[in-house]
Amino acid sequence: MSNSGQRLRKVFKQDALRCVRLLKQGIHQVAFTDEAREVLNKFMKTQYTQLEEKLKLIIVSTNITFLGKMNFAEPHDPANKETAEKLLKDLDILEDALIK
């Protein structure tokens with residue numbers, strides 16, 4: 001495999017950054033929009049390189065944590081704040097890595 005095969009492709013970066021930003025927006029709003037659902041579902045179904053698939057797994061697991069742990073019925077639930085802080089920290093790190 002060539003050296004370029006080990007780097008993240010531009011299309012993956014764009015797709016991943018869009019998902020990260022939609023997740024961050026959803027966490028801040030304690031909501032999961034139809035747009036976010038569609039974009040993340042498409043992202044999960046798309047095949048990427050082996051390295052990209054590892055990063056995709058981080059995004060997917062963050063999404064699953066977001067959907068599973070956030071109390072959407074009670075947006076001001078104190079547990080939401082704790083979950084949101086951790087998820088946002090993880091997404092910030094991932095976003096920084098994708099931008100570089």
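**A tour of the H3–H4 helix pair**

The crossing of H3 and H4 is left-handed (the near helix is turned anticlockwise from the far one by less than a right angle). Residues are numbered from 1 along each chain as its sequence is written, and hydrogens and water are left out of side-chain values, which use heavy atoms. This is a predicted model, where local features need pLDDT of at least 70, side-chain atom pairs count only at pLDDT 80 or more, and totals for chains, interfaces and linings use all residues.

Start by selecting residues 50–69, helix H3, and residues 78–99, helix H4: they pack at an angle of about 165°, with axes 11 Å apart. That makes H3 roughly antiparallel to H4 (an angle over 145 degrees).

Next, show the side chains in the contact (heavy atoms within 4.5 Å). On H3, pick Leu55, Ile58, Ile59, Thr62, Thr65, Phe66 and Lys69; on H4, pick Asn80, Thr83, Leu87, Leu91, Leu94 and Leu98. Colour them by type and you will find eight nonpolar, four polar and one charged.

Now zoom out to the whole protein. It has four helices and zero strands (DSSP runs of H or I with at least four residues, or of E with at least two). The C-alpha trace spans about 50 × 25 × 15 Å along its principal axes.

The protein exposes about 6600 Å², with carbon and sulfur atoms supplying 54% of it (Shrake-Rupley method, 1.4 Å probe). Of the 100 residues, 35% are buried (under 20% relative accessible area, 1.4 Å probe, protein chains only).

Conventions: Axes fitted to C-alpha atoms, helices over the stretch in contact; angles between N-to-C directions. Parallel < 35°, antiparallel > 145°, perpendicular 65-115°, else oblique. Nonpolar A, V, L, I, M, F, W, Y, C, P; charged D, E, K, R; others polar. Buried < 20%, exposed > 50% of the residue type's maximum accessible area, 1.4 Å probe, protein only.
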